[in-house]
Amino acid sequence: TKQKLWGGRFTGKTDPLMHEFNQSLKYDQRMHDADIRGSIAYAKALQRSGILTEEEATKITTGLAQVGDEWKASSFQVQPDDEDIHTANERRLSELIGPLGGKLHTGRSRNDQVATDMRLWLLDQVDDIKESLRNLISVMVERADKEKEYLMPGYTHLQRAQPIRWSHLLLFHATSFKCDLERLEQLIPRISVLPLGSGALAGNPYGVDREFLAKELGFASIAENSMWGVADRDFIVEFLMWSTMSMGHISRMAEDFIVYSTAEFGFVTLSDAYSTGSSIMPQKKNPDSLELLRGKSGRVFGNMAGFVMSLKGLPSTYNKDLQEDKEPMFDAVDTVSACFKISEGVISTLNIHPNKMRAALTMDMLATDLADYLVRKGIPFRETHHISGRAVALAESRKVQIDELTAEDYKGLSDKFGDDVKGVFDFERSVENRDAIGGTSLKMVERQIQVLRQALGTS
Ligand code: ARG
């Protein structure tokens, strides 16, 4: 039987269950392209160091490209002894080009190799995720722009609070996503650090040109400490924390629309494309897409929490515990990517019911505006809040709305009330009064749209 890549000092066989336990190829084969790219760059660097002749380097890089093509064509034959993507690729390279393949690993360790692969792989994924996130924000902004005349209740504690524009709600969620986009961009410099050339832990003894490697592979900087280069997984922790926070935003948005899609609210209806029926109750249309968006936030948090625990208490440099970095990272990438795409689909196809939103506005939501009216007549707000509260109580005792109290009723509550108090009871006016930056007035909603478009680079 064939020897393991590291088999020289071993006489005993690996226990089959241990082999299975140790093997990461079943999931780390996703990084096949990053692994090949890293190896091609390394072969070139070895040639520059004089370890490989030009001819040898060419043979190796051509062989590596062929191995890469096999992965792409799904024709790569995994062997039972392949341990991970690194050993699998090297094994195949040597099959293709002979013993020369064994020169590739000179001065390199799987420790600097795997760290390099992870970073390269994640950088590619971050680009894709950024794109999905931008698409989601853009769909929300365009919707907000088209539907800005519709008013709805804004809630605190899920109790009707003050009238807002529907667009203001959309832009609230979009603003969180914009911050997520900024935060994701800020992670990139810390992912884009080259470990290759760190060796197993102490560095590379062949004077390999790491600036050349960084340039070849597109890294922004170089790990300045080789022990850190092989040990650092903070970039994964940060990505998982970022994912956790972004999923929190997705979950919060999903929850809003789940509530608003109930018959009790009836503000929105999910398109058929993003809902499912019940196997027993024919009338049901369930917001499964939104519920999964909400539920998957727990899964991503779990990836983050689990991996942070795996790191806790590790001694310095590489330990096999670090192999536990892959599944949480892959799963977070898959989950977050899917969630942004599904969110985009849900939002872009959502049917809204502006009449229902409007009908849910009640005059008591203008009690603050009533207090504001008196503020403008010179009464301190704390007092006006109290007077307005008495108006609400009076209306309640008469089983009417506050706009149904007479001007005389109001004058009885405060001599500052004039006949113009009736003007307060206008939802449109209430919304338009919120015209400081960030408010729900038309102008300020338009400003938000402008700001978000600028962030997306679409204006
Ligand atoms: N599959 C390993 C991992 O993912 C690669 C590094 C192995 N290094 C080692 N010293 N055994 O971490």
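Modeller: The UniProt annotation "domain: Argininosuccinate lyase C-terminal", from an unreviewed entry, covers residues 365–432; such positions are given in the numbering used here, feature names are shortened, and annotations may be inferred rather than shown by experiment. Residues are numbered from 1 along each chain as its sequence is written. This is a predicted model, in which local features need pLDDT of at least 70 and side-chain atom pairs count only at pLDDT 80 or more, while totals for chains, interfaces and linings use all residues.

Biologist: Which helix gives the largest share of the shell around the ligand?

Modeller: The residues surrounding the ligand (C-beta atom, placed from the backbone, within 6 Å) include Asp84, His86, Arg110, Asn111 and Val114. Helices are DSSP runs of H or I with at least four residues, numbered from the N terminus. The largest share, three residues, comes from helix H6 (residues 110–146).

Biologist: Between which domains does the ligand shell lie, and why?

Modeller: An automatic or database assignment supplies the domain bounds, and the chain is divided into domain 1 (7–106), domain 2 (111–359) and domain 3 (363–425). Because both give residues to the shell around the ligand, it lies between domain 1 and domain 2.

Biologist: Which helix supplies the largest share of the side of domain 1 that touches domain 2?

Modeller: In contact (C-beta atoms, placed from the backbone, within 7 Å) are 18 residues of domain 1 with 19 residues of domain 2. On the domain 1 side, helix H2 (25–28) and helix H3 (32–48) each supply at least two residues. The largest share, nine residues, comes from H3.

Key
Contact = placed C-beta atoms within 7 Å.
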